[in-house]
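Here is a short report on how the parts of this model pack and pair. Look at the sequence and structure first.

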Amino acid sequence: MYNADWEILFFMDTSEVPAPGGFALLSLSKLTEQYKKLNPMLQVPAVEIDGITLSQSLAVIQYIDETRPGPRLLPADPQKRAQVRMISDVIASGIQPLQNLYVLQKIGAEKAQWAQHFIDRGFQALEPILKLTAGKYCVGDEISMADICLVPQVYNAERFKVDVGQYPTIKRLNQTLLEIEAFIVTNPSGQPDTPVDLRA
Amino acid sequence: MHVSLVFLAKPVLHGYFRSSCSWRVRIAFALKGIEYDQVPVNLIKDGGQQLTEQYKKLNPMLQVPAVEIDGITLSQSLAVIQYIDETRPGPRLLPADPQKRAQVRMISDVIASGIQPLQNLYVLQKIGAEKAQWAQHFIDRGFQALEPILKLTAGKYCVGDEISMADICLVPQVYNAERFKVDVGQYPTIKRLNQTLLEIEAFIVTNPSGQPDTPVDLRA
C-alpha cells in the first residue's frame, strides 16, 4: 500500500529506507547471499516496488516521482531539472561513494582524513554551484531531489567532523530543510533500527 | 514563444579524449546527431588543465566534462545526457516505460557512482603506488554486480532492445576496465553487449582513439 508521504532519504553509509505504513524494513545484513539477490552491489538501499527490485537511490527517487502523484521531486523546467541532477550527482557520484562504509574499510587507518578530504572537496564545488542555483532550496524555491541528497550528506559531513560553517549556502539550505517534516521523520535518529543509544 | 539565440549556438564540450565521462557525452551527442565544439582539457599537461581558475568557473569539481549548452553550463555527464534527451529530438536515450527507465538509471548509476568515481584520475593519484590493484578491485566489484543485473535486463542492449544511457555508460567503463587489465571475459553479458555496441557508429566515431586531442601515438 502506497503512503503518499513516503520519501527515500539517502543516509550516511548505512542507508536505510524509511518504512512508515505497511512496508517492512529490510534488516538483513548487507553481505548475505539473500541480500545479494536484491542488490548485487551489496549496498543499501534496495527497493521492492511495483513488482520490480531497484537499487541506486536516484533511480528509485526518479521512478517514484514519475509514477506517483504529489509534489514534484524534479522541476518541470528542463534546465532546472538538469541542475537538480547535476547537484544530486556531485553528491551521489562525487562525494558519497568516496566515503561509504566499504571504501573506508579498505582505506583503513586514515579513513577519517580520507572521508573529510572528499567531503570538503565536494562541498568546495557544491558551494559555488548552489550560490548560483539556490533560492529557498537547492534549486529555486521548490524542494527537489537535490535537497533530498544534500541533507544526508551534511549529516555525514558532521559525522566526519567537517566544518560545514565554511560553506554558508550549504549550511543555510540544510538548516531550512531540517525543519521540514519529511526530513525530520526520516532522520537516522528515529528509525525502526536506530540503536537505543543513538535515538533522539 | 520566446526564441533565444543561445539555442542556435553549438554546444561546447570541455573534455579529455580518454575521460570515460567525456566519452559518454560524446556518444549522446552522436546518437542524437547533434553537432558540437570540443575544447580539450588535458588532465596531465601543466599539472592538469582542469585545475586552473578558468576551468574552475566551468566546473568547480575540477573534473571533465563540462558542457556549455543553451546558455547554461552543466557538469555531471548523466545530468547532461538526460538534458540533451529531454530537449532534443531524435532517438530516445531513456526508454518511455518508467520501469525500464528506472533500470537504465540504475545501471548507469552502478557505473557512474559505483565504479568510475573509485577509479578516476584524482582518486588514483591519492591512492599512489597501489593504484592499479585499487582500480582493478573496484571495477571487478562493480562488474560482478552489473553482470547479474544485465542478465535480467538486457536484450540486444543493456535494457531491452533499444540503445540507452546505460549502454552509453557501459562502453567507456569497459574501455577503462581493459586499460586496468581487468579480465572482462569473466563477465559474458558485459562482454557481449560491449562487442555489439562497439559496432555502432556513434560509439566508433567518439572513441578515444580518434578525438581532436588524441596524442599521435594513441591514434587508431
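## A helix pair in chain B

The crossing of α4(B) and α7(B) is left-handed; that is, the near helix is turned anticlockwise from the far one by less than a right angle, and clockwise would be right-handed. Helices here are DSSP runs of H or I with at least four residues, strands are runs of E with at least two, and both are numbered from the N terminus. α4 spans residues 98-112 of chain B and α7 residues 165-179 of chain B. Their axes lie 8 Å apart, at an angle of about 20°. That makes α4(B) roughly parallel to α7(B) (angles under 35 degrees; over 145 is roughly antiparallel, 65 to 115 roughly perpendicular, the rest oblique). Axes are lines fitted to C-alpha atoms, for helices over the stretch in contact, and angles run from 0 to 180 degrees between N-to-C directions.

From α4(B) come B:V104, B:R105, B:I107, B:S108 and B:I111. They meet B:M165, B:A166, B:C169, B:L170 and B:Q173 of α7(B), contact meaning heavy atoms within 4.5 Å. Seven residues of this contact are nonpolar, two polar and one charged. Ala, Val, Leu, Ile, Met, Phe, Trp, Tyr, Cys and Pro count as nonpolar, Asp, Glu, Lys and Arg as charged, and the others, Gly among them, as polar.

## Basis of the model

The model is predicted: local features need pLDDT of at least 70, side-chain atom pairs count only at pLDDT 80 or more, and totals for chains, interfaces and linings use all residues. Residues are numbered from 1 along each chain as its sequence is written, chains are lettered from A and ligands numbered from 1 in the order in which they are written, and side-chain values use heavy atoms, without hydrogens and water.

## The sheet in chain B

Four strands of chain B form an open, mixed sheet, ordered β2-β1-β3-β4. Strands pair if DSSP finds at least two bridges between them. β2 (37-40) and β4 (72-75) are the edge strands. β1 (residues 12-15) runs parallel to β2(B), joined by four bridges. B:G15 has B:P40 as its bridge partner.

## A hairpin in chain A

β1 (residues 46-49) and β2 (residues 52-55) of chain A pair antiparallel over four bridges. A:I49 is bridged to A:I52. Two residues lie between the strands, and A:D50 takes a positive phi near 55°.

## Between the chains

Chains A and B bury about 3800 Å² between them, 64% of it on carbon and sulfur atoms. Buried area is the accessible area (1.4 Å probe) that two parts lose on being put together, summed over both. In chain A, A:M41, A:Q79 and A:R121 lose the most area to chain B, together 17% of what that side buries.
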